[in-house]
Amino acid sequence: MDTSVASSDHRPRFQLGRLKLKAHGGLLALPATLWLFLLFLLPLLIVFTISFMERGRGGTVIYDWSLESLRRNFHDNYLYVTTEGYWLIFKRSLNIAFTTTFWCLVLGYPLAFFISTRRKEWVQKFSLFLVILPFWTNFVIRTYAWRVLLGNNDDGLLNHTLLQLGLIEEPLKLMFTTKAVTIGMVYGYLPFMVLPIYAAVERFDFKLVEAAHDLGGNDWTAFWRVIFPLTLPGVIAGSILVFIPAIGTYITAEMLGGTKGMMIGSLIYRNFRGTGDWTRGAATSMVLMAVVAVALVVYALVAQRTENTPSKASAHHSADVLSRAFGLLAAMIAPITGSISRQFFLLSDELNQRRRQKFGLSPALRMKRDLIIRRTAPVLMWANALFCYIFLWVPIIVLLVFSFNDSNSTAVWRGFSTKWYSKLLSGGIDVDADLTTDLLLQSVKVSLIVGVAATLISTIVAVMVSLSMARSRFIGKRPLEGLLYLPVGIPEITQGISLLVFFNIVFDYAAKHLNITLRSGYLTLILSHVAFCIPFVAIVVRARLANMNPHFEEAARDLGANEWRTFWRVTFPLMLPGVVAGALLAFTLSLDDFIISEFTKGLNTSTLTVVVYSMARRTVTPEINAISTMMIIVSTLLVGLSLVLQGRSAGKA
Amino acid sequence: MTAIDVELRHVVKEFAGRRKENAAVKAVDDVSLQIHKGEFFALLGPSGCGKTTTLRMIAGFEDVSRGEILIRGKQVQGVPPFHRPVNTVFQDYALFPHMNVLQNVMFGLQMEGVSRADAKQRAIEALELVQLPHTADRKPRELSGGQQQRIALARALVKHPTVLLLDEPLGALDLKLRKAMQFELKEMQLKLGITFIYVTHDQEEALTMADRIAVMNYGKVLQVGTPEDIYERPHTRFVADFIGETNFIKGRLCDRAGVRGEVELPSGYKVGAVLDDPAMSVGSEVTVAIRPEKLTLKHGNGTEPHHDSGTTLIPGRLQQSVYIGTDTRHVVSFGYNGSSSQVVVRTQNFRRSEDEQFQNGENVFVYWVDENARVLVD
């Protein structure tokens, strides 16, 4: 009796609370919307516009709108991109990006499969951790590690070792080749391939393999007809996540490729930083975007086709999120690809049939063959996993070890010493005349200020938008969804130059019309870092929210908590692990970023990554090893801390 | 003698213990079975009894730890599932979600190298057999549970397996559909003449469909027999309890003549029953098992408890009568020495005349024919 009275008492207030949330739901999404509109979409549109304009003097743009000039400049900017010099670099970039994606897939699929089929949970977690940890170390440092390994002369560790062993007589030409770039990128992006595939295999129902075996399919057939098609979304997501940063890469190409390995990213960079031909740089950047757009459409199509496969937790993985964002686009073209793929299957069936008729094996031989497959497959998988772990960890370990070398060399071990560290800390750096400990410390300070600010702001904004997306409906939610995840699919270099152009326009306007002199500095850095962090934090937080049982919140309301108290007492504590993970990701991304910081930094506000890059791209020295080691230790501590925090809150929940 | 399709000889399946100090867990413990050609054979038992593991060993998904399995007289140790002449209908059907119904059914034939046209023809025939040819172009998720079940059946049957293995195939269906499918499965099995090995925890399902049943518990086969054998002549308390409802009355065997035994209850009354094991010795502690429907209730006035001429009559007090449609279920308690035990009596409601009406709390007599009660070793 009591309860019924109480609940009827509360009912009107429930309704009120709901209305309030509905009204506020859109408002919660506002900061993220504005931020991404102003600092992502608008700059992108500006770059698109100036790509049709004429080049002015000294890195300026002449805003000329006549039809005649538009035609001329279209020719200038876009057709120039397809001329010999540029087109060569485009072809090379495509080539390297595809090769990188291919190798990531070849190594990453079996590795992901290996990890997700470990029986013991801790083994699985640990194997995954071994793949992810290198990912948390600074990208510049990871690329630098390959410089140490691949050095062309006797001072390259690989060459040195091979020479010592007598396997080669002359040092191999390893550095400054497209191969070096490919190796560096496979190294850098392998985790992007492994994670989505791991998630897909995790969700795969292995009962289906038994069904395939039961119906007479051997291990090979069961894999290609059942496992692979059903984990294809993971493969496609992974390929896209590798391909997009690979095609737009700057750091790897610059550090490992030199002039032989120059890629689109360097081309764009040079137009904005070197020759100052902004309009051409913008055009190049738009052509790059077109390539990326094609990749995204392909992804969306496949995701659409396979979206209907049963999954234990949808909206959990970035793959699902991406697929939803581009789903609309795909729906339009899906019928065509559907029939194409049907034709493909028909054809492959036909070919199988012919092959079987031609090379039909006796049952006994077939059995033998199948048993050989059964025995060798796990061996190959182990071998691949072992190779991947060595590949992922050797560069980092080499880097660490040689930072304690008692000599100038990064290839020949001469004894243990901490002299590089003391040299660093006492201010005796002599890598470069204008590179001092003071500058290094200053850059650490900049990185920390920008990192902390960007983390705090982006986390708050992302949590707000995630809540609003998860719990309320408002007009423009679907476009916002696209806006929220689009930055993930846009090459960093494009984001970087678009911010450069955007801030320049704003500064010009302020100087001309408001008489205020503005310069790049902390503010531009923080604004930009927040913009590229928001989507990543939102993905992580939304995944957590999607996995949360809504009954907890309903129970809280049922027990009389209003919206406010429900949020702070129930929702927030439950989503906290996601928030912490998102914040950590934001901090890491901010520290890791080179390109966007490079284009938005001011005179005295170079971040640590920018400073380390400017050193590491030119030389290989033990001092850089020492700096790298310290950065690796800091990021490892950070990851460790977050794991502890997450473990604790998971324990509580 | 009928041909044997599947034979298990002292089959043991051990799973490694979770921790090192734990010994291996025996999921299947020394199971020997002979399953005849064309037989509908049920493996019945509670969850975790090893019935599914047994089935999976026949299918080839699990290796045998010890012992051997023969299919049509051939050892299948080391033969992977895709080279065994058996097919499985999985518990949750395991239909391939990325293929449509026709592609699912054709899959197995294509694995054999049947040409596309033939495979399609045979798949459509199989779909006709399960009365779902119109679903050929649909994806499995667009079908109801019952339809998915039939597709899984068609997918397995299209390969004409020597033995069809069914792992609780009806478990996910609702009661009405389950009953209909039971009937249909049985019909199909008779029509096709394929040996069915059917795993279930539902005793009614096993009794309805199977030619023979093996009751399992803790990895062991407790009893193999026809449904009538299992129901009417259970050898162990577990089998009697698991199949249908059974009353157990504890006592001591005080006399025996051939297979007839006399058991003295703690209250001093003597009751008659058939000995399950003719070698039982007088004086041992035993349990009398008797089905509720084999008991009759009589009014208490003017009757004396007795045990003679093959019938038993003992007094008790009616605790509760529950009307459940076709039957009425009575709970009767026997009090003695401060403690009490209960039996359940089921009477059919076919007359409901005055003299069959009982009042709660009334002193009544429970009556049975001794042949219907069985003495089991404790």
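B:Asn363 counts as partly exposed because it has 14 C-beta neighbours inside 10 Å. The scale runs as follows: 20 or more other C-beta atoms within 10 Å of a residue's own make it buried, 12 or fewer make it exposed, and partly exposed lies in between, with C-beta atoms placed from the backbone. This is a predicted model, in which local features need pLDDT of at least 70, side-chain atom pairs count only at pLDDT 80 or more, and totals for chains, interfaces and linings use all residues. Residues are numbered from 1 along each chain as its sequence is written, while chains are lettered from A and ligands numbered from 1 in the order in which they are written.

Stay with B:Asn363. It is found in strand E20 of chain B, residues 363-369. Helices (H or I, at least four residues) and strands (E, at least two) are DSSP runs, numbered from the N terminus. Leaving aside neighbours within four places in sequence, B:Asn363 is in contact with B:Gly300, B:Pro315 and B:Arg317. Contact here requires C-beta atoms, placed from the backbone, within 7 Å. B:Pro315 sits 48 residues away along the chain, yet its C-alpha atom is 7.2 Å from that of B:Asn363.

Now step back to chain B. Its domains are domain 1 (4-241) and domain 2 (246-377). Such bounds come from an automatic or database domain assignment. The C-alpha centres of these two domains of chain B are separated by 40 Å. Nonpolar covers Ala, Val, Leu, Ile, Met, Phe, Trp, Tyr, Cys and Pro; charged covers Asp, Glu, Lys and Arg; the others, Gly among them, are polar.

Chain B also meets chain A. Here 25 residues of chain B are in contact with 24 residues of chain A. On the chain B side, strand E6 (86-89) and helix H2 (101-112) are the elements that give two or more residues. H2(B) gives the most, with 4 residues. By class, the chain B side has 11 nonpolar, 7 polar and 7 charged residues.

The contact takes 28 residues from domain 1 of chain A and 31 from domain 2 of chain A. On the domain 1 side, helices H19 (492-514), H22 (563-592), H24 (608-616) and H25 (622-652) of chain A each give two or more residues. H25(A) gives the most, with 10 residues. That side has 17 nonpolar, 8 polar and 3 charged residues.

H19(A) also packs against helix H11 of chain A (residues 264-273), at an angle of about 10 degrees, with axes 10 Å apart. The two helices are therefore roughly parallel; angles under 35 degrees count as such. Axes are lines fitted to C-alpha atoms, for helices over the stretch in contact, and angles run from 0 to 180 degrees between N-to-C directions. H11(A) contributes A:Gly265, A:Ile268, A:Tyr269 and A:Phe272, and H19(A) contributes A:Ile493, A:Ile497 and A:Leu500.

Terms used:
Two residues are in contact if their C-beta atoms, placed from the backbone, lie within 7 Å. Angles under 35 degrees count as roughly parallel, over 145 as roughly antiparallel, 65 to 115 as roughly perpendicular and the rest as oblique.
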